[in-house]
Amino acid sequence: MDSKSQQSPIQTVLLFIAALMFGFGALVQIADQRNQSGIAVLYKPLKTPADIIPLSNPVKAVAYTSVVSLAKLPVADKKQRFVALLLPAILISKQHQQQRRDRLVQLLSTTSLSSTDQAWLEQLMTQYDANSPTQLRQRMVDLPNSLILAQAAIETGWGSSRFFVQANNVFGVWSFDPSEARIMARQQRDGEPVYVKRYASLLGSIEDYFLTLGRGSAYAELRRAARNTQNSLALIQHLHRYSELGDDYVTRLDSMIRQNQLTRYDNYHLQH
């Protein structure tokens with residue numbers, strides 16, 4: 001007899017249980033790799049720029065959990081790899097936004113909400129500092145890829161800033177909460193240290209960006225304009241309050257979009 005035929009009933013049961021546990025663990029792992037929109041997201045750290053997945057359309061859903069400086073790359077290569085780094089996170093975040101908007105529209109047409117839906121709605125209204133579901137819908141802004149890429153390129157110097165490399169912080173978002181992950185900036189304000197947020201991935205930074213533009217009173221004009229157009233060159237006119245540079249910042253965004261033909265990425269979408 002072979003060894004399989006000599007197994008006791010107890011051994012057989014134990015092997016069956018082990019197989020079940022392995023299968024369950026695999027399912028959990030797969031579930032953890034799926035974002036809230038049901039698309040499988042690859043979470044990927046980088047060791048060198050060569051690890052960046054080349055960009056194609058449709059775009060592979062990848063969220064980079066660590067990045068490397070692109071400062072030493074030739075200019076054309078640096079820009080190409082920077083877009084390949086950022087665009088997947090932008091598209092994943094926009095998909096999240098669209099899913100939330102769709103669910104909100106569905107809830108607004110419902111006469112009564114379940115406790116789960118009510119809790120979801122209240123949490124989202126708190127996040128966006130909204131006074132009503134209608135105001136919440138208006139604050140969940142949608143923006144063209146070219147506008148976001150232009151801001152990201154300016155804020156990070158095309159992927160060379162310390163905040164970008166060490167904290168996955170694309171937009172230099174400050175931190176005022178000592179309990180959250182963050183790093184100290186080299187400069188100070190009024191003699192006090194300045195901190196910026198540290199994100200677990202580039203996706204987290206993009207999600208926070210949308211939240212900032214969605215709830216900030218300084219961006220009310222931008223949100224209104226975005227409901228009528230997705231033309232990035234028109235929308236950047238409403239970002240003069242985003243930076244201390246004011247109108248000069250808008251001029252820089254205009255040049256960034258035009259000179260690098262960033263509008264070509266506006267029709268890119270996620271791979272399903």
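Predicted model: local features only at pLDDT ≥ 70, side-chain atom pairs only at ≥ 80, totals over all residues.
The table sets out the spaces by volume and by the classes of their lining residues.

| Space | Volume | Lining residues by class |
|---|---|---|
| Largest pocket | about 750 Å³ | 14 nonpolar, 6 polar, 4 charged |
| Second largest pocket | about 180 Å³ | 4 nonpolar, 4 polar, 2 charged |
| Largest cavity | about 50 Å³ | 7 nonpolar, 1 polar, 1 charged |

The largest pocket, with a volume of about 750 Å³, is lined by 24 residues, of which Phe-171, Gly-172, Val-173, Trp-174 and Tyr-242 are the closest to its centre. Two or more lining residues come from each of helix 5 (145–156), strand 3 (182–189), strand 4 (192–197) and helix 7 (202–215).

The second largest pocket, of about 180 Å³, has 10 lining residues, and Arg-100, Leu-124, Gln-127, Tyr-128 and Glu-207 are the closest to its centre. Helix 2, helix 3 and helix 7 each give two or more residues to this lining, with helix 3 giving the most, 4 residues.

The crossing is left-handed, and the contact is made by Arg-100, Arg-103, Leu-104 and Leu-107 of helix 2 together with Thr-116, Asp-117, Trp-120, Leu-121 and Leu-124 of helix 3. By class, this contact has 5 nonpolar, 1 polar and 3 charged residues.

The model has 1 cavity of 30 Å³ or more, and the residues lining the largest cavity include Ile-53, Pro-54, Leu-55, Lys-60 and Pro-88.

Technical notes
Residues numbered from 1 in each chain as written. Heavy atoms only, no water. 1 Å grid on protein atoms, 1.4 Å probe; cavity = no way out; pocket = protein on both sides within 12 Å on 5 of 7 lines; lining within 4 Å. Points joined across faces, edges and corners; volume = space filled by probe spheres on them. Nonpolar A, V, L, I, M, F, W, Y, C, P; charged D, E, K, R; others polar. Left-handed = near helix turned anticlockwise from the far one by under 90°. Contact = heavy atoms within 4.5 Å.
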